[in-house]
Amino acid sequence: MPFKRYVEIGRIAVVNYGEDYGKLVVIVDVVDQQRVLADAPDMVRGIHSLKRLALTDLKVDIQRLPKKTALVKALEAAGTVEKFSSSSWGKKITTQKTRKSLNDFDRFKVMVARVKKSAIMKRALAKARK
């Protein structure tokens, strides 16, 4: 299987470290071998180290250094945010954010639901063994 995730203009990446963790960014320019200029509709354009970005298979057709409006239009036209959200990687990040935002009572409710589900599964398994 050939390598497909090249660092190129228009490549969608996920920030994997720092205050923007989990956000989707688009590479709009390559600064040098270790850094890129990345932009997203909801953040300020900035230089990111490639160590802090995880490249995805998604790519947007844009020119080098597009204006914010052109970038937003290209992202909406390609539907990249929806494509990423429906992928297993996107679902995993959404689940992590949801779990992180739970308070103590919500975590308790999840634990109780898991215990009830386990009991139902045990009863069904015991019934199937007979």
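**Close-up 1: Arginine 11 and its partner.** Arginine 11 is buried, at 4% relative accessible area (buried is under 20%, exposed over 50%, partly exposed in between, with a 1.4 Å probe and protein chains only). Its side chain meets that of glutamate 8 in a salt bridge, 2.4 Å from N to O (a salt bridge being a side-chain nitrogen of Lys or Arg within 4 Å of a carboxyl oxygen of Asp or Glu). Glutamate 8 is partly exposed, at 26%. This is a predicted model, where local features need pLDDT of at least 70, side-chain atom pairs count only at pLDDT 80 or more, and totals for chains, interfaces and linings use all residues. Residues are numbered from 1 along each chain as its sequence is written, and side-chain values use heavy atoms, with hydrogens and water left out.

**Close-up 2: Lysine 68 and aspartate 39.** These two form a salt bridge, with their closest N and O atoms 2.7 Å apart. Lysine 68 sits in helix 1 (residues 68-78) and aspartate 39 in strand 3 (residues 35-40), so the pair ties together parts 29 residues apart in sequence (helices, H or I of at least four residues, and strands, E of at least two, are DSSP runs numbered from the N terminus). Aspartate 39 is buried at 1% relative accessibility, while lysine 68 is partly exposed at 32%. Arg45 joins Asp39 and Lys68 in a network of salt bridges.

**Close-up 3: Strands 1 and 5.** Strand 1 (residues 11-15) and strand 5 run antiparallel, joined by four bridges (strands pair if DSSP finds at least two bridges between them). Here alanine 13 stands opposite leucine 55. Five of the seven residues of strand 5 (residues 53-59) are buried, so the rest of the structure largely encloses it.
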